[in-house]
Amino acid sequence: MALFPLTSKFQGDFVLQLLAVDSADSMDVVAASAARHSIGKRVMSKPGRVLRVRRQGTGDSFPRDMSVEDSGLYPTECIEVFWE
């Protein structure tokens, strides 16, 4: 368990955010961390919809229970957080 920096691009937001997550965090936790910076500020909430995470520029999302450590992401790599 170690602090792990990621850059986050949240769907519908024009601001990139630097996220400090834990390497043991699941992708659901990463998505929730990113949401705190965008929802209610520049992005409206979408109740009942699930947030997902993918590596920027790819079409496949990470499994929701996958840890940051197991994802193969690099420190400060950009992820996209989007509504499923």
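**Sheet and aromatic pair**

Q: How many bridges join β1 to β4?
A: Four bridges join β1 to β4, and these strands run parallel. Strands are DSSP runs of E with at least two residues, and helices are runs of H or I with at least four, numbered from the N terminus. Two strands pair if DSSP finds at least two bridges between them.

Q: What kind of model is this?
A: This is a predicted model, in which local features need pLDDT of at least 70 and side-chain atom pairs count only at pLDDT 80 or more, while totals for chains, interfaces and linings use all residues. Residues are numbered from 1 along each chain as its sequence is written, and side-chain values use heavy atoms, leaving out hydrogens and water.

Q: Which residue of β4 is the bridge partner of Ser 8?
A: The partner of Ser 8 is Ile 79.

Q: And what order do the strands take in the sheet?
A: The open sheet has four strands in the order β2-β1-β4-β3, with mixed pairing. β2 (16–22) and β3 (51–55) each have a single partner strand, so one side of each lacks a neighbour in the sheet.

Q: New topic: how many aromatic pairs are there?
A: There is one aromatic pair, where rings of Phe, Tyr and Trp (its six-membered ring) pair if their centres lie within 6.5 Å, with planes under 30 degrees apart counted as stacked, over 60 as edge-to-face and the rest as tilted. The ring centres of Phe 10 and Trp 83 are 5.9 Å apart and their planes stand at 90°, so this pair is edge-to-face.

Q: Where do the two residues sit?
A: Phe 10 is in strand β1 and Trp 83 in strand β4 (residues 78–83), 73 residues apart.
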